[in-house]
Amino acid sequence: MAVTEPVPVTAGDTGADEEGWVPLGGSAHEGILRRQALRESAARTYARSLPIVPVRARGLTIEGADGRRYLDCLSGAGTLALGHNHPVVLEAVKKVLDSGAPLHVLDLATPVKDRFTTELFATLPAELARDARVQFCGPAGTDAVEAALTLVRTATGRGGLLAFTGAYHGMTSGALDASGGAADVRVARLPYPRDYRCPFGVGGDRGAELAARWTESLLDDPKSGVPTPAGMILEPVQGEGGVIPAPDDWMRRMRQITAARAIPLIADEVQTGVGRTGAFWGVDHSGVVPDVMVLSKAIGGSLPLAVIVYRAELDVWEPGAHAGTFRGNQLAMAAGAATLAYVRENRLADRAAALGTRMLGRLRGLSAAHPSVGDVRGRGLMIGVELVDPSGEAPHAPTPPADPVLAASLRQQCLDRGLIVELGGRHSAVVRLLPPLTLTDEQAEAVLDRFADALAAAERAHRPACPAPLRPVRPRAAHHRNDTGPSH
Ligand code: PMP
């Protein structure tokens with residue numbers, strides 16, 4: 001089936017397109033969703049809030065079997081740096097398919113893998129790239145987290161781990177233990193600095209400073225109950241935790257604290273990597289060079305791929321210490337190499353930084369008129385809007401309580417307007433925007449118009465007494481056709 005450039009339309013536009021491609025139709029769409037609900041696990045997630053049956057996609061736009069089109073600001077949970085089906089990705093995949101190269105090669109060397117590794121190393125912080133090793137892991141981010149934990153435990157001979165409140169590292173057991181919801185005795189939990197809902201009640205530089213001091217005191221107090229750990233794992237911007245960017249100074253402090261105590265620093269860049277935050281890697285903002293980087297999502301150019309890259313001196317584990325059948329996905333490596341190169345050559349990290357700043361500015365503008373917008377934050381094109389109940393009582397806190405019901409309603413109102421967003425954060429009250437880095441100015445405006453419109457509708461439905469927005473929301477219709485055009 002040919003993929004055409006997206007023609008932005010709202011939910012409900014179900015006609016055949018200019019190529020004459022006719023949607024499967026409402027009943028096929030309904031049938032597929034019904035069978036999914038009957039057959040698939042209760043643990044399914046996105047499928048619950050997004051009753052979409054995607055059949056075509058390009059750039060920012062995704063089209064369901066019922067012919068509805070959506071602007072996709074979930075981007076495969078931050079995977080699609082170049083959006084759906086970018087031509088350079090499709091071309092790279094086709095080239096491998098047409099070449100007769102084997103698709104499954106375990107962890108053997110291939111020209112495709114060689115190109116991927118070369119391209120990856122070209123993007124790494126120079127100090128790390130000079131003498132880095134790469135381990136190809138099982139296909140998911142969580143596999144790479146497990147590999148990183150095994151690596152540092154083997155290299156240091158220690159078992160414990162330092163991890164942060166609000167962290168998310170994956171769903172396999174080691175990664176889960178390191179995540180904020182877990183209670184593993186080998187993991188000491190440290191405060192991650194945040195301005196909004198700062199655990200010390202002060203926020204800003206002072207809050208980050210106190211978080212760093214707490215970390216130091218735990219490590220240096222012989223009676224803290226925290227023995228010197230095998231490593232510290234952190235996200236440069238917490239994604240699932242609610243889009244919380246770490247201050248650069250705090251990142252540098254974590255680097256100093258760990259370096260001074262010979263504790264390997266692991267940067268989980270699964271979500272922050274490949275330009276997403278406005279620098280190629282999240283650590284680049286602070287200039288921190290970690291000992292281990294955990295990479296997945298965008299590095300596979302929309303296909304499953306995960307690696308760790310680390311300093312050569314840590315490379316003391318035995319052959320097979322971390323293995324897996326699916327470490328040689330040639331299509332993912334080709335798609336990933338093309339994506340890395342495209343992001344680098346087209347300076348898409350800079351683009352994400354500039355556009356992200358503008359989007360944050362406009363979203364912050366909304367908060368003036370909408371008291372239920374408690375906080376707007378992010379870095380680059382990793383953006384979060386925390387919804388609160390402004391009239392609610394928050395015990396022991398100067399900030400109002402999170403409002404997950406309003407957040408869920410806003411997500412639905414967005415969907416009704418043809419905009420896909422997701423929720424994150426401690427209480428699932430943070431609406432997250434992770435658009436592709438190829439987003440055009442016009443597309444960004446269209447996304448924000450729909451978001452603003454949905455916010456007003458969600459508030460009206462949720463709290464009818466809420467004051468109306470101070471300034472009118474621009475009508476969506478006037479922007480649709482041009483403003484959501486293809487980015488490539
Ligand atoms: N680390 C981070 C920072 C993530 O955001 C995620 C996924 N959202 C993971 C690890 C786990 O990746 P995967 O779902 O591919 O296992």
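**Entry 1: α13 and α14**

I began with the contact between two helices of this predicted model, and I noted that Val405, Leu406, Ser409, Leu410, Gln413 and Cys414 in α13 meet Phe451, Ala454, Leu455, Ala457, Ala458, Glu459 and His462 in α14. When I sorted the residues of this contact by class, I found nine nonpolar, three polar and one charged.

I reminded myself that two packed helices are described by the angle between their axes and the distance between the axes. For α13, which covers residues 404–416, and α14, which covers residues 441–462, I wrote down an angle of about 130° and axes 8 Å apart. Angles over 145 degrees would count as roughly antiparallel, and α13 and α14 are therefore oblique to each other. I also looked up the handedness of the crossing, and α13 passes α14 in a right-handed way.

**Entry 2: the sheet**

I then turned to the strands, keeping in mind that strands of a sheet pair through backbone hydrogen bonds, either parallel or antiparallel. I traced an open sheet of seven strands with mixed pairing, and its order reads β4-β12-β11-β10-β7-β5-β6. At the edges I found β4 (132–136) and β6 (187–190), each of which pairs on one side only. On average, neighbouring strands of this sheet are turned by 20° against each other, with direction ignored.

For one pair I looked in more detail: β11 (residues 292–295) and β12 (residues 307–311) run antiparallel and are joined by four bridges. Which residue of β12 is the bridge partner of Met293? I looked it up and found Val309.

The crossing of α9 and α10 is right-handed.

At this contact, Ala208, Glu209, Ala211, Ala212, Arg213, Thr215, Glu216 and Leu219 in α9 meet Trp250, Arg253, Met254 and Ile257 in α10. How many residues of the contact of α9 with α10 are nonpolar, polar and charged? I noted seven nonpolar residues, one polar and four charged.

Key: Residues are numbered from 1 along each chain as its sequence is written. This is a predicted model: local features need pLDDT of at least 70, side-chain atom pairs count only at pLDDT 80 or more; totals for chains, interfaces and linings use all residues. Side-chain values use heavy atoms; hydrogens and water are left out. Axes are lines fitted to C-alpha atoms, for helices over the stretch in contact, and angles run from 0 to 180 degrees between N-to-C directions. Angles under 35 degrees count as roughly parallel, over 145 as roughly antiparallel, 65 to 115 as roughly perpendicular and the rest as oblique. A crossing is left-handed if the near helix is turned anticlockwise from the far one by less than a right angle, and right-handed if clockwise. Contact means heavy atoms within 4.5 Å. Ala, Val, Leu, Ile, Met, Phe, Trp, Tyr, Cys and Pro count as nonpolar, Asp, Glu, Lys and Arg as charged, and the others, Gly among them, as polar. Two strands pair if DSSP finds at least two bridges between them.
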